[in-house]
Amino acid sequence: MSADYVLGTDEVELRRLGAQHDVWRAAAHAAWQRALIGAGSTVLDLGCGPGFAAADLAAVVGSTGHVIALDKAPRYLEATRARGVEARACDLDDDSMLPVAPGSIDAVWARWVFCFLTRPRALLARVAEALKPGGVFVAHEYFDYSTWRAAPRVPEVEEFVAAVMASWRAQGGEPDIALSLLPWLGELGFEIVSARPITHVAAPGDAMFSWVSSFGRTGLDRLVELGHVSRDRAPAIAQAWASISTVPHVRIVTPSVLELVARKR
Ligand SMILES: C[S@@+](CC[C@H](N)C(=O)[O-])C[C@H]1O[C@@H](n2cnc3c(N)ncnc32)[C@H](O)[C@@H]1O
């Protein structure tokens, strides 16, 4: 099992995931409500990262419920366990069954993980096996990452976003994976309960503005490390992110997420 993936799992990225969860927490809770996750539910969190959402889910399902969090990164599994959530090591691109009994799960939650997988459809089929009949799949995944732009347009922002997308694709992922998840769910016999786009137009000072601009700053080093941004271009892109909030009248459009809720028939 390879331990690392395109965004890495260092301390800076771990903290970024925490700040990202703070920004997206309300949207996640709203999605879980639409999926009828509540006290007593047994929930699987796919690609749980350091367990920020998993810990919230554990509070939602309470002592009569159960959250099982899966990831392949040892550091994230440890961080999830430190939040009091059961975490199991699992490479989601692996062919073996998910480490849960078939037909035992009420709800499966996935946020920003299918976009990094090389065999996402195979995982969705295994999700269907793990769910009880009537169980739900609920996800926040991108359907158009390239909506992430500044107004007025900033060429370095668009260059950065294109490099992020290229880096995920170079490792076998697909940023706009939600466009595939939707039809695959239908093919696998799920009923689509809801499909809701989430895109924001954020001003400096908005939480969503901080979310994207902080990834602009921390993600750049990783893109240089992986060779998707040249050392020559990095200073201009870094400068663009450092000064973006001072651009007169600036807004940032966020990468577009699709919230999917689907029920296994
Ligand atoms: C962007 S993070 C999202 C974490 C969490 N879902 C959240 O929303 O905060 C992507 C996560 O997917 C995990 N991941 C990527 N590829 C994986 C694989 N093949 N098997 C298991 N986990 C994987 C990473 O380790 C990381 O924790």
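Let me start with Ala202, whose bridge partner in E9 is Ile252. This is a predicted model, so keep that in mind throughout. The strands in question are E8 and E9, the latter covering residues 251-253, and they pair in the antiparallel sense over two bridges. They belong to an open sheet of three strands, in the order E6-E9-E8, with antiparallel pairing. Which strands are at the edges? Strand E6, residues 149-151, and strand E8, residues 201-202, each pair on one side only.

As background, strands of a sheet pair through backbone hydrogen bonds, either parallel or antiparallel.

Stay with E6 for a moment. A cis peptide bond joins Ala151 and Pro152, with omega at about 0°. Pro152 itself sits in the loop between E6 and helix H5, which is 155-170. You will find Trp112 in the loop between strand E4, 105-111, and helix H4, 120-130. For context, most residues other than glycine have a negative phi, and most peptide bonds are trans.

Next, the other sheet. This one is open and has seven strands, in the order E3-E2-E1-E4-E5-E10-E7, and the pairing is mixed. Its edge strands are E3, residues 86-89, and E7, residues 190-198, and each of them pairs on one side only. From one strand to the next, the twist averages 20°. At the E3 end, strand E2, residues 66-71, pairs with E3 in the parallel sense over four bridges. There, Ile68 stands opposite Glu86 in E3.

Which helices lie across E5, E7 and E10? One is H6, residues 178-187, running at about 155° to E5. H1 lies across E4, E5, E7 and E10, and runs at about 145° to E5.

H1 also packs against other helices. Take H7 first. H1 spans residues 11-34 and H7 spans 207-225; they pack at an angle of about 165°, with their axes 10 Å apart. That makes H1 roughly antiparallel to H7. The crossing of these two helices is left-handed. On the H1 side the contact is made by Val12, Arg16, Ala19, Gln20 and Val23, and on the H7 side by Ala207, Met208, Trp211, Ser214, Phe215 and Thr218. By class, the residues of this contact are seven nonpolar, three polar and one charged.

Now H2. H1 and H2 pack at about 35°, and their axes are 9 Å apart. Is this crossing left-handed or right-handed? The crossing of H1 and H2 is right-handed. From H1, the residues Leu17, Gly18, His21, Arg25, Ala28 and Trp32 meet Phe52, Ala53, Asp56, Leu57 and Val60 in H2. The contact of H1 with H2 divides into seven nonpolar, two polar and two charged residues.

Last, the ligand. How many residues surround the ligand? The number is 22, and the closest are Gly47, Gly49, Lys72, Leu92 and Arg111. The elements that give two or more residues to this shell are H1 and helix H2, 52-61. By class, the shell has 14 nonpolar, three polar and five charged residues.

Conventions. Residues are numbered from 1 along each chain as its sequence is written. This is a predicted model: local features need pLDDT of at least 70, side-chain atom pairs count only at pLDDT 80 or more; totals for chains, interfaces and linings use all residues. Axes are lines fitted to C-alpha atoms, for helices over the stretch in contact, and angles run from 0 to 180 degrees between N-to-C directions. Angles under 35 degrees count as roughly parallel, over 145 as roughly antiparallel, 65 to 115 as roughly perpendicular and the rest as oblique. A crossing is left-handed if the near helix is turned anticlockwise from the far one by less than a right angle, and right-handed if clockwise. Two residues are in contact if their C-beta atoms, placed from the backbone, lie within 7 Å. Ala, Val, Leu, Ile, Met, Phe, Trp, Tyr, Cys and Pro count as nonpolar, Asp, Glu, Lys and Arg as charged, and the others, Gly among them, as polar. A residue is near a molecule or strand if its C-beta atom, placed from the backbone, lies within 6 Å of it. Two strands pair if DSSP finds at least two bridges between them.
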